[in-house]
Amino acid sequence: MRPLFYLLASGVAFAMVPLAASCALSEMGAEPPPDAMPLPAQDVAAPPVSDAGDGGPDRSCDASSSDCVSKPLTCEDADFCPVPTNVSPFHALVAVWGSGPNDVWAVGSGGTAVHWDGATWTATATNVKETLSAVWGFGGSDVWAAADTTVILRSSGFTPSSSQVWRRAPSASPDEWTVAPVLGMWGPPNGELHLGTRPFMVMDGDFFGPGALIDKRDAKDGGVVWQARMGSDAALHSIWGSSADDLWAVGDAGKTLHGTRSAPGTPHTWTPVDSQSRATLSGVWGASASEVWAVGEAGTIRRITTGAPTWEIVSSPTATRLRKLWGSGPKDVWAVGDAGTILHYDGVAWNDATAAFPVGRKPNLYGIWGSGPNDVWIVGDGIALHGKGKKTGGAP
């Protein structure tokens, strides 16, 4: 079995057994091949900010570069304004999610998890050091965060007086040799949870195949069972759904998958859809089932509408890598990316947006979420930005 696993870990595509099968990871009892190699370390969504000494991260830059701020905007003039997080400036905030304007979570490097209560950000202890690259929840009393398939955390909600807001959830890996970074996380209101990961081998009886999707289902005893799905030999960086029965996942090499099912509780059937791109796609979000957006490397923007056989190529105002996107509706969509890139779609075109970044190199931005058009959060390298809607004409 070693050649199959080795090729997958090396990122080489290859023909496999049928891809409709799946396996319950927590029920897998097979031993790994004796010469199996562990998955190599992978670049999760964002590394910690580079260390420049006790004075904080090095943000020095060429003042003539578009990536550099020499004269900062004021919060009154910019679309987004920095909000102190009380987190080390050496840590990156990688993902953000909330149940409402007064209940927002941001997670990131060094096991960082901070909570916004409508007035201030408060750090919470996670007791892990790994980069938490994804966060999602089902209301304020059931929140999930993950670094990889062995480091998954769950919270019953923020309590200022509690010293233990997070607890360790069951591992989604059967053995250390199948550990994979979790890159994306999404779930519908019914409590199902879907993880996008780096690809690893999935076993179903005598069959092996590549997979990068893991689903959570509730066990009869009240516990959690994780179930891996075959169907992707590429890493999946982001998942979004219009409902529990209609999902999209995007990832490496322009990979896009559409997951549908005919009955609740049954596995989704994942169908590849041509994105007309080979760039890594890092974010997916839709205003509805009839209009879904994806963004990625080199400023790539794609859109697909109901019935379209392929994704539409959409003009982009940037060549910078875009990481994630979110919107309040079809005429209010935001995308964020490297070098402080913030884009806004107004229903007609994508244009630059602004932030009151401090003097120096603009931070990479990794995550975005909002409770509505006038309450949007963006997180990135040592920074959290808050916006109350588009109010400027674009970046200076």
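Reader: Among contacts between residues at least 6 apart in sequence, what share joins residues at least 24 apart?

Author: This is a predicted model: local features need pLDDT of at least 70, side-chain atom pairs count only at pLDDT 80 or more, and totals for chains, interfaces and linings use all residues. Residues are numbered from 1 along each chain as its sequence is written, and side-chain values use heavy atoms, with hydrogens and water left out. A contact means heavy atoms within 4.5 Å. Of the contacts in the protein chain between residues at least 6 apart, the share joining residues at least 24 apart is 52%.

Reader: How many strands does the protein chain have?

Author: Helices (H or I, at least four residues) and strands (E, at least two) are DSSP runs, numbered from the N terminus. The protein chain has one helix. Its strands number 31.

Reader: What percentage of the residues is buried?

Author: Buried means under 20% relative accessible area, exposed over 50%, and partly exposed in between (1.4 Å probe, protein chains only). The protein chain has 396 residues. The buried part of them is 55%.

Reader: Why is the pair of W105 and W166 edge-to-face?

Author: W105 is in strand β5 (residues 103-108) and W166 in strand β11 (residues 166-168), 61 residues apart. W105 is buried at 0% relative accessible area, and W166 is buried at 2%. Their ring centres are 4.9 Å apart. The pair is edge-to-face because the planes stand at 70 degrees.

Reader: At what angle do the ring planes of W248 and W311 stand?

Author: W248 is in strand β17 (residues 246-251) and W311 in the loop between β22 and β23, 63 residues apart. W248 is buried at 5% relative accessibility, and W311 is buried at 0%. The ring centres are 5.2 Å apart. The pair is edge-to-face, with planes at 80 degrees.

Reader: Which residue in the hairpin of β17 and β18 takes a positive phi?

Author: Two strands pair if DSSP finds at least two bridges between them. Five bridges join β17 to β18 (residues 256-260), antiparallel, and A249 has L257 as its bridge partner. The hairpin has four residues between the strands. The phi near 55 degrees belongs to A253.

Reader: Which residue in β19 stands opposite T260?

Author: β18 and β19 pair in the antiparallel sense. Four bridges hold the pairing. Opposite T260 stands T269.

Reader: Which strands stand at the edges of the open sheet of four strands?

Author: The order is β20-β21-β22-β23, with antiparallel pairing. Two bridges join β22 (residues 301-305) to β23, and R302 stands opposite I313 there. Each edge strand has a single partner, so one side of each is left without a neighbour in the sheet. The edge strands are β20 (281-288) and β23 (312-313).

Reader: Is A298 buried or exposed?

Author: A298 lies in the loop between β21 (291-296) and β22. Its phi is near 55 degrees, a positive value in a residue other than glycine. Most residues other than glycine have a negative phi. At 54% relative accessibility, A298 counts as exposed.

Reader: What is the relative accessibility of Q276?

Author: Q276 is in the loop between β19 (269-272) and β20. Its phi is also positive, near 55 degrees. Q276 counts as partly exposed because its relative accessibility is 37%.

Notes:
Phe/Tyr/Trp six-rings, centres within 6.5 Å; stacked < 30°, edge-to-face > 60°.
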